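Subject: Structure handover

Hello,

My notes on what was found in it follow below.

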Amino acid sequence: MVSYKDLGLVNTRDMFAKAIKGGYAIPAFNFNNMEQMQAIISACVECSSPVILQVSSGARKYANQTLLRYMAQGAVEYAKELGKNIPICLHLDHGNSFELCKSCIDMGFSSVMIDGSALPYEENVALTKKVVEYAHQFDVTVEGELGVLAGVEDEVASEHSHYTDPADVEDFVKKTGVDSLAISIGTSHGANKFKPEQCTRNAEGILLPPPLRFDILKEIEKRIPGFPIVLHGSSSVPQEYVKIINTHGGALKDAVGIPEDQLREAAKSAVCKINIDSDGRLAMTAAVRKVFVEHPAEFDPRKYLGPARDELKKLYIHKCENVLGSAGKAE
């Protein structure tokens with residue numbers, strides 16, 4: 001058993017309380033390699049933002065659970081070296097079983113998500129409650145989910161979405177004891193979040209997705225006032241990255257994300273954690289493809305992973321400062 005506190009990590013309880021009170025959201029950035037971690041920490045230190053380092057089940061398998069734990073511990077020390085002891089949480093994204101959540105808790109994670117949203121309601125309640133009861137013994141916070149997001153990201157996939165029913169949230173929170181709740185109000189996983197026929201085009205011909213269901217969010221806030229809400233699938237799919245990828249040998253079609261102004265509006269509410277993964281993948285891929293096309297003789301990984309890391313850092317600073325409102329909140 002490894003305690004996250006011995007690694008210098010924090011859980012989400014205090015983070016979320018401050019975010020709700022301050023009208024901003026904590027960035028939850030996914031990572032599975034060193035360059036991503038470096039970019040996240042250097043960006044959040046530079047703009048003084050608390051941060052949640054997210055690890056999916058697939059990332060854990062890819063990078064190795066032991067290495068990830070020490071990378072998270074290294075992230076804490078790296079932030080101090082850069083001059084700020086910002087709050088850093090290590091969070092399991094989309095845990096799909098009690099065993100996976102328990103393993104992460106035992107290996108030093110400070111927060112876990114148990115995603116039983118695809119199960120019948122009572123089964124979701126029972127599974128979430130079981131994880132909460134185990135996690136709270138070690139002061140680890142737990143995120144549950146009601147409602148299903150469409151799209152594909154790592155091992156999470158669903159063709160269809162259904163919105164969270166506000167009538168369920170109070171009962172779910174009370175029965176499970178979860179610390180935060182992921183809801184479905186129109187976000188979606190992956191870079192291809194919406195089909196073109198679901199979108200409209202603006203004057204510049206850019207596809208615009210259906211607006212988020214803020215009416216559902218407001219009703220949920222009424223039913224569980226002050227309770228921490230989470231948005232998954234909240235990448236905005238910057239079209240400049242899509243263009244770079246496609247003009248440098250890529251083939252991304254109909255890549256549409258969530259408009260950043262809608263995410264900023266959500267961050268001013270009880271939404272205190274916003275997950276961003278696909279935008280980071282796009283930034284890295286755009287930078288790497290650009291190097292490969294412009295310098296085809298290059299074979300030193302540092303020469304293409306370095307620019308990818310720099311582009312990631314720029315993206316994360318933008319998210320903290322202009323979208324989530326978390327910049328300056330680690331002071």
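**Cys-44 and its surroundings**

Setting aside neighbours within four places in sequence, Cys-44 has contacts with Phe-29, Ser-49, Val-51, Ile-86 and Cys-320. Please keep in mind that this is a predicted model. Cys-44 belongs to helix α2. Cys-44 counts as buried because its relative accessibility is 0%, the cut-off being under 20%. Between Cys-44 and Pro-87 there are 9.8 Å from C-alpha to C-alpha, with a separation of 43 residues in sequence.

**Two helix pairs**

Helix α2 (residues 34-46) and helix α4 (residues 65-82) meet at an angle of about 35°, and their axes lie 10 Å apart. The crossing of α2 with α4 is right-handed. On the α2 side the contact involves Met-34, Met-37, Gln-38, Ile-41, Ser-42 and Val-45, and on the α4 side Met-71, Ala-75, Tyr-78, Ala-79 and Leu-82. By class, the residues of this contact are nine nonpolar, two polar and no charged.

An α-helix has 3.6 residues a turn, so residues three or four places apart point the same way. Met-34, Met-37, Ile-41 and Val-45 are among the α2 residues in the contact with α4.

The second pair is α6 with helix α7 (residues 166-176), packed at an angle of about 35° with axes 8 Å apart. α6 also passes α7 in a right-handed crossing. From α6, the contact takes in Tyr-121, Glu-122, Asn-124, Val-125, Thr-128, Lys-129 and Val-132; from α7, it takes in Asp-168, Asp-171, Phe-172, Lys-175 and Thr-176. Sorted by class, the contact of α6 with α7 contains four nonpolar, three polar and five charged residues.

**Helix α5**

Which residues of helix α5 (residues 98-106) are buried? They are Phe-98, Leu-100, Cys-101, Cys-104, Ile-105 and Asp-106. These buried residues pack against α3 (57-63), β3 (88-95), β4 (111-114) and α6 (121-135). Just after α5 comes Gly-108, with a positive phi of about 105°.

His-94 is not a glycine, yet its phi is positive, at about 55°. His-94 sits in strand β3, and with a relative accessible area of 9% it is buried.

Val-237, also not a glycine, has a positive phi of about 50°. Val-237 is in the loop between β11 (229-231) and α9 (239-247). Its relative accessibility of 2% is why Val-237 counts as buried.

**A buried loop residue**

Thr-187 and Asn-246 are separated by 59 residues in sequence and by 24 Å in space, C-alpha to C-alpha.

**Cavities**

Rolling a probe the size of a water molecule over the atoms shows where empty space is left. The count here is two cavities of 30 Å³ or more. The second largest cavity holds about 30 Å³ of space. Its lining consists of Thr-12, Phe-16, His-91, Ser-111, Thr-141, Val-142, Glu-143, Ser-180 and Lys-273. Strand β5 (residues 141-146) gives the largest share of that lining, three residues. By class, the lining of the second largest cavity has two nonpolar, five polar and two charged residues.

Regards

Key:
Residues are numbered from 1 along each chain as its sequence is written. This is a predicted model: local features need pLDDT of at least 70, side-chain atom pairs count only at pLDDT 80 or more; totals for chains, interfaces and linings use all residues. Side-chain values use heavy atoms; hydrogens and water are left out. On a 1 Å grid over the protein atoms alone, a cavity is a set of points where a 1.4 Å probe fits but cannot get out, and a pocket is an open set with protein on both sides within 12 Å along at least five of seven lines; lining residues have an atom within 4 Å of a point. Grid points are joined across faces, edges and corners, and a volume is the space filled by probe spheres set on the points. Helices (H or I, at least four residues) and strands (E, at least two) are DSSP runs, numbered from the N terminus. Ala, Val, Leu, Ile, Met, Phe, Trp, Tyr, Cys and Pro count as nonpolar, Asp, Glu, Lys and Arg as charged, and the others, Gly among them, as polar. Axes are lines fitted to C-alpha atoms, for helices over the stretch in contact, and angles run from 0 to 180 degrees between N-to-C directions. A crossing is left-handed if the near helix is turned anticlockwise from the far one by less than a right angle, and right-handed if clockwise. Contact means heavy atoms within 4.5 Å. Buried means under 20% relative accessible area, exposed over 50%, partly exposed in between (1.4 Å probe, protein chains only).
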